[in-house]
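Please keep the sequence and the model at hand while reading.

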Amino acid sequence: MIAVTLKPVITEKSMNLASKGTYMFDVSARANKPLVAQAVKEQFKVDVTQVRISITKGKIKKFKGIEGQRKDNKRAFVTIKKGQTIPVFDISNEDKEEKK
């Protein structure tokens with residue numbers, strides 16, 4: 001069995017999606033939808049309803065004339081049952097007020 005590492009993505013877009021019940025994670029390149037769903041269910045104790053996966057190919061870049069390539073990224077968008085949340089993505093009103 002492949003070990004699936006879930007790295008939460010905390011960006012403005014992911015926080016907007018999290019308010020609607022969809023959470024964004026960077027996952028390992030060999031992970032698939034059933035493995036991601038199982039990992040989220042075990043790690044966060046929530047019911048997963050849908051998993052979408054996006055693969056972003058790394059860009060080719062040049063640095064001092066040497067060509068290289070950035071790494072490929074695999075990102076999972078996990079939708080969970082209504083009424084459930086994942087605590088990593090919760091930003092309380094206190095945190096928002098402190099930033100102002």
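Are Phe25 and Phe89 buried or exposed? In this predicted model, both Phe25 and Phe89 are buried, and the points below set that pair in the context of the chain as a whole.

**Overall architecture**
- The chain contains 3 helices and 6 strands, which follow one another from the N terminus in the order β-α-β-α-β-β-β-β-α.
- The C-alpha trace spans about 50 × 45 × 20 Å along its principal axes, and the radius of gyration is 16 Å, whereas a compact globule of 100 residues would have a value near 13 Å.
- Buried residues make up 29% of the 100 residues, and the chain exposes about 7,600 Å², of which carbon and sulfur atoms supply 50%.
- Among contacts with a separation of 6 or more, 58% are accounted for by residues 24 or more positions apart.

**Nonpolar core**
- The largest nonpolar core comprises 19 residues, and those with the most contacts inside it are Leu6, Phe25, Val36, Val40 and Ile86.
- At least two residues of this core come from each of β2 (22–27), α2 (33–44) and β6 (73–80), with α2 giving the most, namely 5 residues.
- Once its neighbours within four places in sequence are left aside, Val36 is in contact with Val4, Leu6, Val27, Ala31, Val51, Ile53, Ala76 and Val78.

**Aromatic pairs**
- A search of the whole structure finds 3 aromatic pairs; in one of them, the ring centres of Phe25 and Phe89 lie 5.6 Å apart with their planes at 90 degrees, so the pair is classed as edge-to-face.
- This pair links distant parts of the chain, since Phe25 belongs to strand β2 while Phe89 sits in the loop between β6 and α3 (93–99), 64 residues apart.
- Ring pairs link Tyr23, Phe25, Phe44 and Phe89 into a cluster.

**Ser19 and Phe89**
- Ser19 lies in helix α1 (residues 12–19) and, with a relative accessibility of 61%, which is over the 50% cut-off, counts as exposed.
- Although Ser19 and Phe89 are 70 residues apart in sequence, their C-alpha atoms are 8.8 Å apart in space.

**The β4–β5 hairpin**
- Strands β4 (residues 60–63) and β5 (residues 66–69) run antiparallel and are joined by 4 bridges, with Ile60 standing opposite Gln69 in β5.
- The two strands β4 and β5 form a hairpin with 2 residues between them, and Lys64 in the turn has a positive phi of about 55 degrees.

Key
Residues numbered from 1 in each chain as written. Predicted model: local features only at pLDDT ≥ 70, side-chain atom pairs only at ≥ 80, totals over all residues. Heavy atoms only, no water. Core = buried A, V, L, I, M, F, W, Y, C linked by side-chain atoms within 4.5 Å. Buried < 20%, exposed > 50% of the residue type's maximum accessible area, 1.4 Å probe, protein only. Contact = heavy atoms within 4.5 Å. Pairing = 2+ DSSP bridges. Phe/Tyr/Trp six-rings, centres within 6.5 Å; stacked < 30°, edge-to-face > 60°. Rg over C-alpha atoms; globule rule 2.2 N^0.38 Å. Areas by Shrake-Rupley, 256 points an atom, 1.4 Å probe, with all protein chains shown as cover.
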